[in-house]
Amino acid sequence: MALATNRKKKLWPYILLAPGMVWLVIFFIAPIVKLVSTSTQTQGVNIGEYVQSYRFANFIDAFTGAAPQFFRSFLYAGLATAFALMISYPLAYAIAFKSGKWKNTLLVLVVAPFFTSFLLRTIAWEQILGEQGLVLKTLRFLHILGPTGHLTATPFAVVAGLTYNFLPFMTLPLYASLERIDPRTLEASGDLYASGFTTFRKVTFPLSLPGVVAGTLLTFIPAAGDYVNAELLGNPQTKMIGNVIAARYLQIVDYPGAAALSFILMATILILVLVYIRKMGTDEVV
Amino acid sequence: MTDASKSAKGDLKLSSLVKTYGEFVAVDDLSLLIPEGSFFALLGPSGCGKTTTLRMIAGLDEPTSGSIHIGNTDITYQKPYDRPVNTVFQNYALFPHLTIFENIAFGLRRRGIKDVKDQVDKVLNLVELPHLAQRKPTQLSGGQQQRIALARAIVNRPALLLLDEPLGALDLKLRRQMQIELKWIQTEVGLTFVHVTHDQEEAMTMADTIAVMNEGKIEQMGSPADLYDSPQTAFVANFLGQSNLIKGRVVDSDGDANVVEIHGQKVKVLKNRSVAKDSSILFGIRPEKIRIQPGAHQLSGCVLEGGVISDVSYIGVSTQYQVEMPWGQELMVFEQNDDGIPPLAKGDPVKLSWETIFSFGLDGSEDASAGSEVNPDED
């Protein structure tokens with residue numbers, strides 16, 4: 001009797017894990033296996049028919065064909081992440097420490113854009129930056145842009161779109177880690193002869209590092225793989241790796257090429273993230 | 001950042017300090033002089049304004065009016081980081097991302113001291129935790145964190161060290177040990193300690209001088225023995241230990257004592273131990289000063305007759321009795337278990353007696369239960 005209950009107890013964790021494991025196997029492991037196996041296939045007899053021939057040169061071909069877009073993706077994603085951090089940090093700081101009774105309202109406002117589709121919001125940016133938009137008119141009026149200058153179909157528009165779209169992913173983890181800081185440690189810092197700025201540099205910022213790391217990862221990773229912003233707000237010279245993959249898959253019907261690029265993108269991001277986390281030493285922070 | 005203020009030395013002087021939050025008066029016209037080098041305790045229930053007072057001294061809150069001086073330097077509106085004052089926070093507030101060494105060195109480094117190792121090591125030895133220098137605060141026990149918080153403050157040699165309920169989070173045994181240690185460290189370093197607490201035992205064990213606070217005001221100030229033996233308000237009598245307070249009337253004078261009539265019986269209180277303004281008096285006697293005897297005994301000193309034991313609690317070192325008096329009031333009596341006689345039983349008729357010098361008199365218009373409902377262990 002006691003043995004039976006004991007065995008049951010031991011089974012419980014696995015039972016609880018089961019739904020998640022099934023989900024992972026169907027929607028993560030299986031697609032990855034499929035992706036990797038597709039990436040080494042070669043053209044069969046008919047168009048769109050590919051056979052497994054373990055051609056690893058696919059990776060080299062795919063990469064050499066799309067190297068500029070590759071580097072551009074990481075550059076744009078890096079810029080968008082940096083801008084998002086610069087915008088989000090003061091915002092998250094204000095919400096965490098200075099907002100008083102407005103805290104919840106402000107948090108809802110941060111998340112509010114998610115009530116509209118990602119696509120619609122990006123199209124809206126087309127309008128905002130477009131010929132009839134206030135931004136362009138203002139810049140022309142101030143002679144920052146010439147009468148023929150434009151904002152859409154520029155790298156600026158793509159990075160701005162990326163920054164905007166992924167901003168909440170930066171703000172929320174930052175807010176969460178700032179909110180967790182015991183205000184008394186900040187008081188203690190002031191009590192121990194640190195001015196406001198020194199307190200920020202020596203206490204607040206180091207304590208918010210887990211949020212900075214989480215926020216930059218959550219912004220950088222999807223931004224690097226994004227193709228909607230480059231598609232809608234960019235021009236042929238601002239194509240990112242996501243656009244290349246989409247085109248190979250949907251227009252050229254080069255499944256192995258698309259798969260190889262996807263795999264390289266994933267592997268590169270994974271390596272970058274590991275190096276980044278190692279460097280920031282997140283496990284050292286709290 | 002003026003060096004003159006950081007090196008300010010001398011007595012701490014609070015003058016007519018007021019702090020209001022909207023309608024609520026947290027600190028009400030408080031004036032205090034705390035001599036340099038003393039161990040001073042602000043004692044009171046939660047919400048009495050003691051923490052607000054401490055925060056104003058630390059510079060974390062700004063007074064609504066009044067002033068704060070250290071020696072001759074006015075620090076009322078100085079930034080916390082410009083004051084020669086350090087605080088040991090209630091929850092310690094150690095920096096979780098820094099090692100113990102860096103936590104302690106924090107204040108020294110901020111003042112531009114390059115070679116901190118000697119001073120940090122010295123203070124780590126003082127709190128007897130030199131082996132923990134490279135740990136993080138979360139790896140320490142509560143008692144160890146408490147000592148590090150203390151070390152982080154005293155390493156700066158402030159003119160004034162503030163302690164905000166420093167032992168509140170520790171268990172009873174550790175708290176006792178730390179009380180003794182804190183007192184020893186204070187003597188060792190010779191700094192002025194201002195200690196805020198709701199725990200009367202903690203205040204009495206450590207402080208040279210205690211100010212009992214209630215509703216933003218100081219009820220009474222003095223040495224622990226002064227406050228305990230000669231309380232001047234019902235609040236102090238009840239908050240600091242326990243007291244029996246009985247309504248009475250001064251009916252006569254007998255040398256240096258007043259004769260007080262309590263429901264038909266006569267007792268005495270020394271004139272210099274009574275603060276009653278007129279014949280209406282609140283007569284007080286501490287429970288452990290009372291002798292309890294079965295009916296027939298001959299008794300000396302003050303005597304109250306006609307009591308009946310309504311409750312007996314045996315607690316080892318003493319036995320605590322509740323005695324119901326003829327006028328319905330329950331009096332407390334603590335009797336040392338040092339005579340080998342078995343305790344009296346519930347329902348026994350008894351007489352109570354005590355030496356006249358122990359009784360005290362309070363103003364008769366006071367509420368006899370003031371300060372007794374507040375639970376001193378509540379935060």
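How are α2(A) and α11(A) oriented to each other? I shall begin with that pair, noting that this is a predicted model.

Two packed helices are described by the angle between their axes and the distance between the axes. In chain A, the axes of helix α2, residues 57-98, and helix α11, residues 255-280, come within 9 Å and cross at roughly 80°. An angle from 65 to 115 degrees counts as roughly perpendicular, and α2(A) and α11(A) are therefore roughly perpendicular to each other. On the α2(A) side, A:N58, A:F59, A:A62, A:F63 and A:A66 make the contact, meeting A:P256, A:G257, A:A260, A:L261 and A:I264 of α11(A). By class, the residues of this contact are 8 nonpolar and 2 polar, with no charged.

I turn now to chain B. Helix α6, residues 172-189, has 18 residues and spans 26 Å from its first C-alpha to its last, close to the 26 Å expected. Its buried residues are B:M178, B:Q179, B:L182, B:I185 and B:Q186. They cover an arc of only 140° around the axis, which puts them on the same side of α6(B). Their packing partners in chain B are β3, α4, α5, β8 and α7. On the other side of α6(B), the exposed residues are B:K173, B:I180, B:W184, B:T187 and B:E188. After the helix comes B:G190, with a positive phi near 70°.

Finally, the interface. Chain B places 16 residues in contact with 17 residues of chain A. On the chain B side, β6 and α3 are the elements that give two or more residues, and α3(B) supplies the largest share, 3 residues. That side comprises 9 nonpolar, 5 polar and 2 charged residues.

Definitions and conventions: Residues are numbered from 1 along each chain as its sequence is written. Chains are lettered from A and ligands numbered from 1 in the order in which they are written. This is a predicted model: local features need pLDDT of at least 70, side-chain atom pairs count only at pLDDT 80 or more; totals for chains, interfaces and linings use all residues. Two residues are in contact if their C-beta atoms, placed from the backbone, lie within 7 Å. Helices (H or I, at least four residues) and strands (E, at least two) are DSSP runs, numbered from the N terminus. Ala, Val, Leu, Ile, Met, Phe, Trp, Tyr, Cys and Pro count as nonpolar, Asp, Glu, Lys and Arg as charged, and the others, Gly among them, as polar. Axes are lines fitted to C-alpha atoms, for helices over the stretch in contact, and angles run from 0 to 180 degrees between N-to-C directions. Angles under 35 degrees count as roughly parallel, over 145 as roughly antiparallel, 65 to 115 as roughly perpendicular and the rest as oblique. The expected span of a helix is 1.5 Å times one less than its number of residues. A residue is buried if 20 or more other C-beta atoms lie within 10 Å of its own, exposed if 12 or fewer, and partly exposed in between; C-beta atoms are placed from the backbone. The arc is that of the directions from the helix axis to the C-beta atoms.
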